Amino acid sequence: MSVTFCRNISKTLSSRLQCRLQKRLYTSQKDENGTKKTNHQKIDDDDSKKNNGLLESNSARNADLLTKMCQYCYDTDRIDEKNLEQRKLVVRELTEIVHHGIDREATVCAFGSSSNGFGSKDADLDISVFDINKEVRGRVWTKAMKTSRKFEKLYYVHRARIPIVTFRHIETGIVGDVSFSNGIAIYNTLLLRRYSQIDKRVQPLVYTVKQLVKNWKICGVRGGYISSYAYTLMVIYFLQQINPPLLPSLQQFSVDSNPLPVKRAFGFNVWFYDDIESLEKVWKHWNTNTMTTGELLLLFLDFYLHRFNYEAHSVCILSPKPRKKREHNCAFELRDPFERERNLASSLSPTNASLMMRKLEDANHHLRTIPPTDVQNSCLRLKEYYFKNPSNS
């Protein structure tokens, strides 16, 4: 057997946030012909001029410095060969446990940020076990891991949406969790992995956004915010919306199939375009976007502060076209790529939604400032300067 290593919110926001969103996101405008148009998330041709003006302003002269910082964030935080081997070791040892003491037919797979191209060295290791007898899940699995003396801090969280066993691997110090037959997570991992491979700017941008929101303490479901995974989807969606787009929608992209292919697994259609090597030849927007990572970071914040229509639409990477919001009693709707009934922003409380937007606004202002000259020559000091928590500004 081979081991695979791949990976409610109330009806209204606070009055301050609601007012801001109404003014910036929901307003209707008229174009040059007098036709009414909605201030909408898609950055179309007429927005290109606005983008240029934005990036030529005083606050955007630091785009090169931000690009430098983004690359530094990626280079220093991404999973390196040593960390990858440690994670593989954990998977191998878990496989030995399940085969020697529980079920020889089971398959152990890593998923999530360890395998999707966006994982950091300190990221938890997410593991799912397949083809295992339901009777030996949970407490039996926890006991087997404890008996091996290779794992500690074992807890069976049976009331979670998907029951898990959390652990810490003694030798490597890696923490993670084990779930059972979480197949859709594997396909999510593979999809994100493909997005990470399309353009060299995608990974540095995602790493930087994820680190920034963690540093600003506006990330985490337990704290009433949205997950790191949700922020990754926000970045991908933004990169599909800019003009020209940096990323296609792999779930809606097909060269010669009409209608699109269907691949059923775990109750969902999990098909997506997987031939990234041939994308250059078949996607008309390949390599047409020449923005730097620093410019993209500034536009990412501008997009979710000033352009995205929170009242009418949801963030959904399934399609490049705007998708109507389903749950109109929530402030923010972010759909899972495969489990489309699942709103990944349902954990965002009204208070935290307001705080999140305020911090993003403060950060948007701070990232457009020019750091002192002595800071500009050091990647580490650049990161420290730009990562300053907006609440402390």
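## A salt-bridge network

E93, E96 and K150 are joined in a network of salt bridges. This is a predicted model, and 14 salt bridges are found in the structure. The closest N and O atoms of E96 and K150 are 3.8 Å apart, which sits within the 4 Å cut-off for a salt bridge. E96 belongs to helix α4 (residues 81–101), while K150 is in the loop between α5 (139–147) and β6 (151–157), so the pair ties together parts that are 54 residues apart in sequence.

How accessible are the two partners? E96 is partly exposed, with a relative accessible area of 39%, and K150 is also partly exposed, at 32%.

## Two more pairs

E341 and R326 meet through their side chains in a salt bridge, at 2.6 Å from N to O. Both residues lie in the loop between β12 (323–324) and α11 (350–366), 15 residues apart. E341 counts as exposed, at 63% relative accessibility, whereas R326 is partly exposed, at 43%.

Now for a pair in another setting. E333 forms a salt bridge with R335, and their closest N and O atoms are 3.0 Å apart. Are these two residues buried or exposed? Both E333 and R335 are buried.

## Helix α10

Helix α10 covers residues 293–307, 15 residues in all. From first C-alpha to last, α10 reaches 19 Å, close to the 21 Å expected at 1.5 Å a residue.

Why is α10 described as largely enclosed by the rest of the structure? Of its 15 residues, 14 are buried, so the helix is largely enclosed.

Terms used
Residues are numbered from 1 along each chain as its sequence is written. This is a predicted model: local features need pLDDT of at least 70, side-chain atom pairs count only at pLDDT 80 or more; totals for chains, interfaces and linings use all residues. Side-chain values use heavy atoms; hydrogens and water are left out. Helices (H or I, at least four residues) and strands (E, at least two) are DSSP runs, numbered from the N terminus. The expected span of a helix is 1.5 Å times one less than its number of residues. Buried means under 20% relative accessible area, exposed over 50%, partly exposed in between (1.4 Å probe, protein chains only).
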